[in-house]
Amino acid sequence: MNQVTSNVFVETGYRGCNPGFVVTMEGVVMIDTPQLFSDAVNYRKIVEDHGKIVYLINTEPHGDHYIGNYFFDAIGIAQEGARSVIMQVQLDALKEKIKLMDPNTGPYLADYRIKAPTITFKTAMTIHLGRHTFQLFHLPGHTA
C-alpha cells in the first residue's frame, strides 16, 4: 500500500487495476477494487482501518475494476455506460473466469454475485464528503 498524501492511498501490487482510497472526516471513498477475492478481502481490512467506507467509485466496466465490489458495503458509483456493461455480464461465465484467475476462491464463489454501482452519472458528478470534493467526469478512454 502506497500512501500518496496524508489521506490518499493506492495499491500498485495487485493484478489488474490500481485501487485506491481517500480518507475524509466523514468516511472513506474508494476507487475500484481488487479482482482476486483474497486481495479484496485483505484490502477491505486495510481500508476499514481508516474509517467507514461510504462510496465506491468504479472507473470502468472491466472486471479488474469491479469484481471485488461484492466484498465492500458501500454505495457504488459509476458512469452510466459502465454500469450498463457490468449489468450485461453473465454471472456463471464470470465465476468460471474467476476460478481460472484464482483457484483459491473457495468459500466465496458459491454466494458471489455481481455488485453493480447503484448511482450513475452521464457526463459529470460532484461528491462532497467531509472537507473533500470529488469531481467525476466521463472522458474518452480505452472503454466506452
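In helix 4, which spans residues 91-101, the residues L94, K95, I98 and M101 are buried, where buried denotes a relative accessible area under 20%, exposed one over 50% and partly exposed a value in between, with a 1.4 Å probe and protein chains only. Because these residues cover an arc of only 120° around the axis, they lie on the same side of helix 4, the arc being that of the directions from the helix axis to the C-beta atoms. An α-helix has 3.6 residues a turn, so residues three or four places apart point the same way. On the other side of helix 4, D92 and L100 are exposed. The buried residues of helix 4 pack against helix 1 (37-48), helix 2 (63-66) and helix 5 (106-109), contact being defined as heavy atoms within 4.5 Å.

The structure is a predicted model, in which local features need a pLDDT of at least 70 and side-chain atom pairs count only at pLDDT 80 or more, whereas totals for chains, interfaces and linings use all residues. Residues are numbered from 1 along each chain as its sequence is written, and side-chain values use heavy atoms, with hydrogens and water left out.

The chain contains five helices and nine strands, and from the N terminus on its elements follow the order β-β-β-β-α-β-α-β-α-α-α-β-β-β. Helices (H or I, at least four residues) and strands (E, at least two) are DSSP runs, numbered from the N terminus. For 144 residues, a compact globule would have a radius of gyration near 15 Å, and the chain, at 15 Å, agrees with this expectation; the radius is taken over C-alpha atoms, and the globule rule is 2.2 Å times the number of residues to the power 0.38. Along the principal axes, the C-alpha atoms fill a box of roughly 40 × 30 × 25 Å. Of the 144 residues, 48% are buried, and among contacts with a separation of 6 or more, 55% are made by residues 24 or more positions apart. The accessible surface of the chain comes to about 7,800 Å², and 52% of this surface belongs to carbon and sulfur atoms; the areas come from the Shrake-Rupley method with a 1.4 Å probe, and for residues only the protein chains shown count as cover.

Two residues of the loop between strand 4 (27-31) and helix 1 were examined individually, namely Q35 and D32. Q35 counts as buried, with a relative accessibility of 9%, and, leaving aside neighbours within four places in sequence, Q35 is in contact with R15, G16, G63, D64, I67 and M101.

In strand 8 (residues 124-129), M125 has a relative accessibility of 18% and counts as buried. M125 touches I77, I119, F134, Q135 and L136, residues up to four places away in sequence not being counted.

R83, placed in helix 3 (residues 80-87), counts as partly exposed at 28% relative accessibility. Beyond its neighbours within four places in sequence, R83 is in contact with A116, P117, T118 and T120, and its C-alpha atom lies 8.8 Å from that of N58, a residue 25 positions apart in sequence. R113, located in the loop between helix 5 and strand 7 (119-121), is partly exposed at 45% relative accessibility; with neighbours within four places left aside, the contacts of R113 are with Y70 and L91. The C-alpha atoms of R113 and K97, 16 residues apart along the chain, are separated by 13 Å. K122, in the loop between strand 7 and strand 8, counts as exposed at 56% relative accessibility and touches Q79, E80 and H138, not counting residues up to four places away in sequence. Between the C-alpha atoms of K122 and E96, which are 26 residues apart along the chain, the separation is 32 Å.

Over the whole chain there are 12 positive and 14 negative side chains, and the centres of the two sets lie 4 Å apart. In this count Lys and Arg are positive and Asp and Glu negative, with His and the chain ends not counted, and the place of a charge is taken as NZ of Lys, CZ of Arg, CG of Asp or CD of Glu.
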